[in-house]
Number of protein chains: 2
Amino acid sequence: MKKIIVSLVCLLVFTQAWSQQALFGGNDLVSPEVKEDGTVTFRLFAPKAVRVQLTGDFLAKEKVDSPMGPVERDLVVDLQEGNDGVWTYTTGSLSPELYSYKFIVDGRDQLDPSNVYMCRDIATYTNIFIIEKEAGDKGDLYSVNKVPHGSVSKVWYESPTLKMSRRMTVYTPPGYEKGGRYPVLYLLHGAGGDEEAWATLGRASQIMDNLIAMGKAKPMIVVMTNGNTNSEAAPGEGSNGMYKPSFRGHATSKPVASMEESFPDVVNYIEKNYRTLKGKKNRAICGLSMGGGHSFSITKRYPTMFDYVGLFSAAIFMGGNNDPQKNMLEQMNEDATFGKEVAAVFAANPKLYWIAIGNTDFLFDANTNYRKYLDSKGYRYEYLETDGGHIWRNWRIYLTLFAEKIFQ
Amino acid sequence: MKKIIVSLVCLLVFTQAWSQQALFGGNDLVSPEVKEDGTVTFRLFAPKAVRVQLTGDFLAKEKVDSPMGPVERDLVVDLQEGNDGVWTYTTGSLSPELYSYKFIVDGRDQLDPSNVYMCRDIATYTNIFIIEKEAGDKGDLYSVNKVPHGSVSKVWYESPTLKMSRRMTVYTPPGYEKGGRYPVLYLLHGAGGDEEAWATLGRASQIMDNLIAMGKAKPMIVVMTNGNTNSEAAPGEGSNGMYKPSFRGHATSKPVASMEESFPDVVNYIEKNYRTLKGKKNRAICGLSMGGGHSFSITKRYPTMFDYVGLFSAAIFMGGNNDPQKNMLEQMNEDATFGKEVAAVFAANPKLYWIAIGNTDFLFDANTNYRKYLDSKGYRYEYLETDGGHIWRNWRIYLTLFAEKIFQ
């Protein structure tokens, strides 16, 4: 009987696989093949294609012209076709990291059909892979290892301020279910992102599991909110259905309140429904780009809420009616409200005010101006400048470093 | 200042979008476009393609030859090319349902770059969309509506039997965080699947949210296990990394115990860590295909554990050394252990023993034989026969109907 069923199941699978192969060129290619020496081979079966290229963030950058002037992007390289219709490309040895790539077949983007691992960034998917060389390297930190794992939940909460049910992602550390109280890190995404961004592109749960297992970070709850206050949830996860996401917001309606105004709804929900350690010293907030801007402005609005603040490639907004003709530093100095709010943040004496940015980030100057302002007032902060621009590679590094510094 | 930042952000996005468009033919196409009348238009920008086709489960079936004889598959249709390099195809009016499709460009599978919604089934992605016409139809049941939402968590538990940390998906109903105790449905996936299958392809959390909101199902906890006992978690979510999933299991190592042997570890974890209502009358189990087989055999092994049993297109195994030459019904009648185990299940008088299968399912005969056996013994069960085969469309329907029948 068992044998009959197994045969039947095999038949089903075989015929499905066969018809796919015969029709669509499905195959058993391995791609990407990550080798011991850190080189990676990509393969695509495309016998009818004239040209197969790939681009990925492990390749060098090139400058290309655009209507707005020269812009930087990842190099595009050609794959070579073999006699079997399989195109291949092999990289040099790559350092430990999570990388992303896509094929371009006769001018059109194509995901790698041999690689089921991909991430969505706004409306675009790219395939991903990880290079891991030894314990504790970046690739290792971003991987699922044989360590205790926290739980990751998609949770709905009521926001009285936004008059809406909203979704967030909550990481509870390994052992949470056994009891105890934990500090909370609020981890905010950038424009175009949502409550899934840090968990997917950001590898937040893997980073936290691994840092906690190594004793480098304290066990903590990590709350990944949705910063688009006109939307309930990530694309496809809210009641506005399976629409095409875009950079400029996730719903057509105007929000009834801002992220800053509505943020206490999140903190109240978390502190009511999770076993949290209370008070400023047990709360941290950080975010990337727009989420760095949110962290900056939420902290200004509630200066005694967080003892740890992380601005990752932050979009530093001043709010109010600013004069675009003026120098940003000059405006900061002239804006009395801004001055008072920032003064209140530092008067509350945060244990860590951390600013990190890549040296080719388009927000580099804005952050430099803000640092000049802080310096002129003698406010204490820590600063990290890395290579690269406004990219997830940097934000994963910043999260790792920030998580190690808080609640210690 | 705000304006400057907005301009900078726009510049960044614009130049990224521009370089993508110029290079790769990215565009602002809407695809699929679901219209009021239920027709759907698909669009793909592919000016260099010679032939663009699509296949999807909303199309008629056709028989094609295979090395194993004729097999049934979804029709493949041609898109028409416009002057702008955009290929289009419009369906007739479709009935409410969740549908899946993919493009085939010059013989190669291609996901729809305008549709970010897709599901993975083993190693293959297809795009999805939902047709929804009115409240309560299938499309509506599978959609996220403005109703209270349960939480969906990826939870790790220790399995002493399997000597492994393992991952499962747990749905807690709306209001769970406010208190109370709940019955538990254990919901099992098929071969090639994992703890994510019911939550993605199965739309389990949407179905439960909607049925509970309509008062058609009782609020319950739904536990979606991983039935591959040699693996910790879904592909990419365990410590064996980002490997290519295949139908025949998710890891190379031999499992130390079976799903049946290890299942009490799951129940013990859930009843210890969640506020559950205890006892047989508050436990249900169901599953599809292999998971239907697991539900069948777990129930035989622990006849007093569940009051509700659902076999969806179940792979009915008898276990032991069966003679493949023999008729299945004959074997069931001759196998004393099988007879004793099934007798114990029905002696425990389950409130519902529910068998459902499609009339073209390759497991139809096995289920017919099992029903003949049950009939011959006078054991009470309910039976549903639907159109169609071994497909998710049927399993979503079965879950909906089963969830309405349990804990009432």
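Helices here are DSSP runs of H or I with at least four residues, strands are runs of E with at least two, and both are numbered from the N terminus.

Before I go on, the housekeeping. This is a predicted model, where local features need pLDDT of at least 70 and side-chain atom pairs count only at pLDDT 80 or more, while totals for chains, interfaces and linings use all residues. Residues are numbered from 1 along each chain as its sequence is written, and chains are lettered from A and ligands numbered from 1 in the order in which they are written.

Back to the helices: who makes the contact between helix 4 and helix 10 of chain A? From helix 4 of chain A we have Ala204(A), Ile207(A), Met208(A) and Leu211(A), and from helix 10 of chain A come Arg396(A), Leu399(A), Thr400(A), Ala403(A) and Glu404(A). Contact means C-beta atoms, placed from the backbone, within 7 Å. By type, the residues of this contact of helix 4 with helix 10 of chain A are 6 nonpolar, 1 polar and 2 charged.

Helix 10 of chain A is mostly covered, with 10 of its 14 residues buried. Buried is 20 or more other C-beta atoms within 10 Å of a residue's own, exposed is 12 or fewer, and partly exposed is in between, with C-beta atoms placed from the backbone. Among the buried ones are Trp392(A), Trp395(A), Tyr398(A) and Phe402(A). After helix 10 of chain A comes Phe407(A), with a positive phi near 60 degrees.

Now the sheet. In chain A, 4 strands make an open, antiparallel sheet in the order 1-2-8-7. Strand 1 (33-34) and strand 7 (80-81) of chain A are the edges, each pairing on one side only. Pairing takes at least two DSSP bridges between two strands, and strand 7 of chain A has 2 bridges to strand 8 (residues 86-90) of chain A. Glu81(A) sits opposite Trp87(A) of that strand 8 of chain A.

Which peptide bond is cis in chain A? The one from Ser31(A) to Pro32(A), with omega near -5 degrees; Pro32(A) lies in the loop between helix 1 (2-24) and strand 1 of chain A. In chain B, the bond from Ser31(B) to Pro32(B) is cis, with omega near -5 degrees.

There are positive phi values too. Asp106(A), not a glycine, has phi near 45 degrees, in the loop between strand 9 (97-105) and strand 10 (108-110) of chain A. Ile122(B), also not a glycine, has phi of about 60 degrees. Buried or exposed, that Ile122(B)? Buried, because Ile122(B) has 21 C-beta neighbours inside 10 Å. Asp106(A) has 19 other C-beta atoms within 10 Å, so Asp106(A) is partly exposed.

Key:
Two residues are in contact if their C-beta atoms, placed from the backbone, lie within 7 Å. Ala, Val, Leu, Ile, Met, Phe, Trp, Tyr, Cys and Pro count as nonpolar, Asp, Glu, Lys and Arg as charged, and the others, Gly among them, as polar.
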